[in-house]
Amino acid sequence: MEAFAFSLFLFLHSVLFLGVDFEVTTAAMSRPLHRGASGVKVHGHGDDKWDSQMKDKTEREEMEKRVSLDHGGTLASRLPIRVLFPDNSPSKYGGPENGFASDSLNSRSRQQFIMLMLKLSLVVIIVLALTGSFWWTLSISSSSQVQIFHGYRRLQEQLVSDLWDIGEISLGASRLKELEFCSPELENHVPCFNSSDIQDGACDRHCEPSSWENCLVQPPLNYKIPLRWPTGRDVIWVTNVKITAQEVLSSGSLTKRMMMLEEEQISFRSASPMFDGVEDYSHQIAEMIGLRNESNFREVGVRTILDIGCGYGSFGAHLFSKHLITMCIANYEASGSQVQLTLERGLPAMLGSFTSKQLPYPSLSYDMVHCARCDVDWDSKDGKYLIEVDRVLKPGGYFVWTSQITDTQTFRYKKENQKRWNFIQDFVEYLCWKMLSQQDETVVWKKTSKSNCYSSRKPDSSPPICGKGHDIESPYYRPLQACIGGRKSRRWVPINERRTWPSRAILNKSELAVHGLGLDDFTEDGINWKMAVKNYWSLLSPLIFSDHPKRPGDEDPLPPYNMLRNVLDMNAHFGGFNSALLEAGKSVWVMNVVPTDGPNHLPLIMDRGFVGVLHDWCEAFPTYPRSYDLVHAAGLLSLEVTKKPRCSMLDLFSEIDRLLRPEGWVIIRDMATLIESARTITTQLKWDARVIKIEDNNDERVLICQKPFLKRQAI
């Protein structure tokens, strides 16, 4: 269409200039008469006739000039294109001079015809151009549109990557040197948490942009690689964690009981003075709910459990064999950390506190919240802690609390306990909780399944329902709220109406619609991750760093299924990586992290029966060093560079190094240009690294890295 329009333009251009040549030729034919009349003198009567003609011509020219100034001048100024043509006015080459009386009329008609054709041609060109553009737009297929969009994205990402590289290079050659080791005092340090800020056993989280210097955190002296699962669940190396025998013996939590074996190991057991063990304790909770035993938790919709003040994770360790996943959260502790020991055992855990801020979980996230002597004063701050539990608890979920305060036998000599207990009982009624059972120190409440329960309360009941501005589905360390949230969520579905695990992990069309996701996209994502996990697993071998690296499908034996246990997915998307690992039979659990500056799919991930958290990757992750065996990130670099950079790629990778155990693995999948930039940084971290090309995808690469075990020498 564009070629046709251009050809039409050339044709008109030729016609116009042909008209010019024709006019010039006509004029040339008449000029010899002028030259003959003026160059040859005719005597006698001819002189008088010549004088008369010249006089008439002069008068006629003056009159035509006046008419031209009055009428033609304005038109000429309005049509600049007129300067392309010779002046064909009859005053110049009139009929009386050359003997052709009709030349003036023919010239004016010819000029008007050419102008008309020019106008019509311009209109035709415009119409054809617009019509062609319209049909060309309609003819573009959906795949072509995707290709155009992806091409634009590639250009954008390439530009940002180049700017990032220029910024890194501009900092000097010192940035390419290997990072120094951190001081030994930082071997268990967690940025954003300061032990000097601990008050009443709790420490609030405070992150500042420049609060952490890039350095390599060394493992403790005599550190040993953790035992593989499931042996590592029950036995850990004492030198790998910061805890003393006195701290072990002085622990008061129900699930902190343990015993020391020899001098190098800690062996966990579930003994307590009140119960024969965690197994009996779990069995008791099941009976209080109305079940035969803890194996039936899934029948009533329980899959995910938030364990507040988890001790050392014994409750979650026992329930893991029942296909339940328990997320431990506890306060930061400089020594004897519950979170550090729980992670060392290969169990989910992270630092979290109710002190002043909401937890980084979406509303309606967990099927059960558990607290066994967790040192949380539930009656303080006007019940805000209980409101936060209500927010993260799914409709029909359970709150299990074990505390000496609930033991009515102590009310006779501890009046304060009775007062606190009465406040809690009254408050949870306003939250629409129903007490199912109470035995000794343990109480089980059930959150209402009906959202209209709140509207049936007495007028001006406290706490009130959160307004639209306060009811944020996925808060990120926002101050604790004094109102009930999550009631108006589209995800308000009682746990007993959801499909049981593991069917729950595959959401159906109506469940996906709640999250604004189509079934085709979800299914395609799952298929892609199944293939990716198969390829990833075959690459996790030191042979990958040889001169002739392994490729997916080579004959080398695959790594053992239990070589990895703690997995961190830094950009979890829909949780497809987690799902593919479980379907492949890998003995892992995954911390699904959703970056705060990307699409928020964390509610979907939690609804699938997985665990996860919101996080800003320009801040330190809330856990101790050496927490994970594998760190995975797909598309994270692209996500970070398209935003306004608040931290460098080196900042991000030094944080990954802090989180990674010695001999741990890193898998990063992203655009080829970003992967090449990341590869240069791995040399500063002393990692082994190899870039793998993805078949049928020239735009992406996979970076496989392994952190070496650099033993610290005794001073």
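**Figure 1. The whole protein and its surface.** The accessible surface of the protein comes to about 36000 Å². Carbon and sulfur atoms hold 55% of that surface. The model shown is predicted. Its chain of 715 residues has 48% buried. The protein contains 19 helices and 17 strands. Take the contacts between residues at least 6 apart in sequence: 71% of them join residues at least 24 apart.

**Figure 2. The largest nonpolar core.** This core has 100 residues. Seven names stand out here: Leu306, Ile308, Trp378, Phe399, Leu568, Met591 and Phe653 touch the most other members. Helix α18 (residues 649-659) supplies the largest share of this core, with 6 residues. In soluble globular proteins, nonpolar side chains tend to be buried together.

**Figure 3. Close-up of Trp378.** Trp378 belongs to the largest nonpolar core. Neighbours within four places in sequence are left aside here. Beyond them, Trp378 is in contact with Ile308, Phe354, Cys371, Gly383 and Tyr385, among others. The contacts of Trp378 also include Leu386, Val389, Phe399, Trp401 and Ile424. Two of these partners, Ile308 and Phe399, are named with Trp378 among the core residues that touch the most other members.

**Figure 4. Helix α15 and its surroundings.** Helix α15 spans residues 576-583 and is largely enclosed by the rest of the structure, because 6 of its 8 residues are buried. Those buried residues are Gly576, Phe577, Asn578, Ser579, Ala580 and Leu581. They pack against helix α14 (519-539). They also pack against strands β11 (566-569), β12 (589-595) and β14 (628-634). Gly585 follows α15, and its phi is positive, near 80°.

**Figure 5. Ile225 in a loop.** Ile225 sits in the loop between α5 (142-170) and α6 (231-234). Its relative accessible area is 32%, so Ile225 counts as partly exposed. Leaving aside neighbours within four places in sequence, Ile225 is in contact with Trp237, Pro662, Glu663 and Phe709. Ile225 and Asn240 are 15 residues apart in sequence. From C-alpha to C-alpha, the two are 8.5 Å apart in space.

**Figure 6. A nonpolar patch on the surface.** Four residues form this patch: Phe113, Leu116, Met117 and Leu120. Together they have about 400 Å² of accessible area. Leu116 lies in helix α4 (residues 103-139). Leu116 is partly exposed because its relative accessibility is 48%. An α-helix has 3.6 residues a turn, so residues three or four places apart point the same way.

Key:
Residues numbered from 1 in each chain as written. Predicted model: local features only at pLDDT ≥ 70, side-chain atom pairs only at ≥ 80, totals over all residues. Heavy atoms only, no water. Patch = residues over 30% accessible without salt bridge, like charges linked within 9 Å, V, L, I, M, F, W, Y side chains within 5 Å. Areas by Shrake-Rupley, 256 points an atom, 1.4 Å probe, with all protein chains shown as cover. Salt bridge = Lys/Arg side-chain N within 4 Å of Asp/Glu carboxyl O. Helix = DSSP H or I, 4+ residues; strand = E, 2+ residues; numbered from the N terminus. Buried < 20%, exposed > 50% of the residue type's maximum accessible area, 1.4 Å probe, protein only. Contact = heavy atoms within 4.5 Å. Core = buried A, V, L, I, M, F, W, Y, C linked by side-chain atoms within 4.5 Å.
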